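Take a look at the protein below. Then use the briefing to find your way around it.

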Amino acid sequence: MAMQQEHANAGEQAVAEGGISLRTVELAVAGILLVLSALVIWDNHRIGSGWAPDGPESGYFPLRVGVIVLVCALAVVWQALRTPRRAVFASWQQLKQVSVILLPLTVYVALIGVLGIYVASAIFMAGFMMVVGKAAWWRAVLLGVGINVVLFWIFEIQFRVPLPKGPLEAAFGF
């Protein structure tokens with residue numbers, strides 16, 4: 001009972017703070033699903049989605065999965081239109097907290113292709129330690145680099161598991 005009261009209070013606080021509405025999020029997700037399912041249906045119909053003398057054509061099963069996703073997307077639209085306008089998916093404060101992690105993580109994933117996983121991870125760890133953890137720069141850099149040197153030794157040298165490498169590793173002959 002106390003848990004339900006906490007949840008209700010959090011919901012009332014989110015409505016008071018404002019934020020992105022549940023209806024908006026549901027309609028956006030449904031729109032993305034509708035577009036993707038229509039693309040799947042169209043493309044698999046184009047390549048052949050029927051039954052050939054030797055069995056199903058290459059688009060037979062994917063087209064049917066696209067139809068299922070399309071029906072589910074329409075159900076999400078129907079559900080979203082029934083959702084009260086005041087229902088809040090997340091408050092602006094909650095979205096800010098998520099973006100503190102999501103934005104740097106997105107940059108990190110993009111850097112893996114350019115710098116390799118070890119250098120990108122060292123930058124990511126050190127950056128998080130300095131910005132979020134308020135650690136001293138020297139400690140953050142030392143731990144970020146040190147942990148990734150150990151991980152490089154474990155994966156690349158001991159286990160011989162090749163992970164994405166960048167120009168720094170290439171300069172050392174890896």
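Residues are numbered from 1 along each chain as its sequence is written, and side-chain values use heavy atoms, leaving out hydrogens and water.

**Confidence**
- The mean pLDDT (the predictor's confidence in each residue, from 0 to 100) is 91 for the protein.
- A score of at least 70 is reached by 91% of the residues.
- Confidence is highest in helix 6 (residues 137-158), at a mean of 97, and lowest in helix 1 (residues 2-17), at 54.
- Helices are DSSP runs of H or I with at least four residues, strands are E runs of at least two, and both are numbered from the N terminus.
- Where pLDDT is low, the predicted coordinates should not be read in detail.

**Domains**
- Domain 1 covers 18-86 and domain 2 covers 92-172, with bounds from an automatic or database domain assignment.
- Their centres, taken over C-alpha atoms, are 36 Å apart.

**Annotated spans**
- An unreviewed UniProt entry places "transmembrane region" at residues 20-41, 61-81, 102-130 and 136-155; such annotations may be inferred rather than shown by experiment.
- Residues 20-41 are 91% helix and 9% strand, with end C-alpha atoms 31 Å apart.
- Residues 136-155 are 95% helix and 0% strand, with end C-alpha atoms 28 Å apart.

**Residue S121**
- S121 sits in helix 5 (residues 117-131).
- S121 counts as buried because its relative accessibility is 12%; buried means under 20% relative accessible area, exposed over 50%, and partly exposed in between (1.4 Å probe, protein chains only).
- Not counting residues up to four places away in sequence, S121 touches Y108 and N148; contact means heavy atoms within 4.5 Å.

Note on methods
This is a predicted model: local features need pLDDT of at least 70, side-chain atom pairs count only at pLDDT 80 or more; totals for chains, interfaces and linings use all residues.
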